[in-house]
Amino acid sequence: MACIFCDIVAGRAEASVVHEDEQVLAFMDIRPMTPGHLLVIPKQHATDLAELDAALGGPLFATAQRLAAALRRSPLKPAGINLFLADGVAAGQEVFHVHLHVLPRTPGDGWGLRGTFQWPHRMTLDAQAGQIRNVLPE
Ligand code: 5GP
Ligand code: ZN
């Protein structure tokens with residue numbers, strides 16, 4: 001199936017690349033939510049986190065960490081950085097090749113996560129922790 005990020009990896013589609021190594025590619029988001037918005041992807045296609053080779057999680061995060069440091073040193077001088085990953089349609093995923101957003105932030109830039117904090121009982125938190133712990137992959 002056609003994948004725009006695989007096309008970028010293969011050089012069939014253009015991108016403004018910031019970092020490339022054997023496993024990972026990082027480039028400017030074509031529709032930045034803030035100036036300097038970057039995407040980090042595994043070169044090997046994986047639709048979502050479930051498909052992603054666990055060994056690639058580390059290199060993806062390490063690259064995002066280096067990019068965050070570079071952004072802070074760059075003339076873009078963000079006041080903060082958000083790392084964001086949408087896994088699945090319900091989470092807002094639009095491109096089905098895993099990607100980690102590196103989002104430079106400045107006060108009042110209008111970006112944010114919407115939601116309402118809840119205060120569940122400890123019993124609920126303990127029960128949910130157990131449900132998740134029971135099926136934790138190796
Ligand atoms: P998602 O909502 O899936 O987490 O984010 C997909 C991101 O990919 C969006 O921020 C969108 O702007 C970006 N994007 C979509 N198509 C392209 C493209 O062809 N090139 C680049 N550089 N970014 C893209
Ligand atoms: Zn792909």
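How many Å separate an oxygen atom of ligand 1 from an N or O atom in the side chain of Asp29? The distance is 2.5 Å. The model is a predicted one, so every distance here is computed from predicted coordinates.

Start with the ligand. Ligand 1 has 16 residues around it. Those that come nearest are Asp29, Gly92, Glu94, His99 and His101. Gly92 and Glu94 use their backbones. A polar backbone atom of Gly92 is 2.8 Å from an oxygen atom of ligand 1. For Glu94, a backbone N or O atom lies 2.6 Å from a ligand oxygen. On its own, ligand 1 has 520 Å² of accessible area, and the protein covers 87% of that.

Now the site itself. Ligand 1 sits in the largest pocket. Two elements, α1 (4-10) and β2 (24-28), each supply at least two residues of the shell. The largest share comes from α1, with three residues. Sorted by class, the shell has nine nonpolar residues, four polar ones and three charged ones.

Next, turn to His19. This residue is in strand β1, which spans residues 17-20. Is His19 buried or exposed? Its relative accessible area is 16%. Buried means under 20%, so His19 counts as buried. Its side chain also has a polar partner: a polar contact of 2.8 Å joins it to the side chain of Asp21.

Technical notes:
Residues numbered from 1 in each chain as written. Chains lettered and ligands numbered in written order. Predicted model: local features only at pLDDT ≥ 70, side-chain atom pairs only at ≥ 80, totals over all residues. Heavy atoms only, no water. Near = heavy atom within 4 Å. Polar contact = N/O pair within 3.5 Å; in protein donor to acceptor, adjacent residues only side chain to side chain. Areas by Shrake-Rupley, 256 points an atom, 1.4 Å probe, with all protein chains shown as cover. 1 Å grid on protein atoms, 1.4 Å probe; cavity = no way out; pocket = protein on both sides within 12 Å on 5 of 7 lines; lining within 4 Å. Sits in = over half its atoms within 2 Å of the grid points. Helix = DSSP H or I, 4+ residues; strand = E, 2+ residues; numbered from the N terminus. Nonpolar A, V, L, I, M, F, W, Y, C, P; charged D, E, K, R; others polar. Buried < 20%, exposed > 50% of the residue type's maximum accessible area, 1.4 Å probe, protein only.
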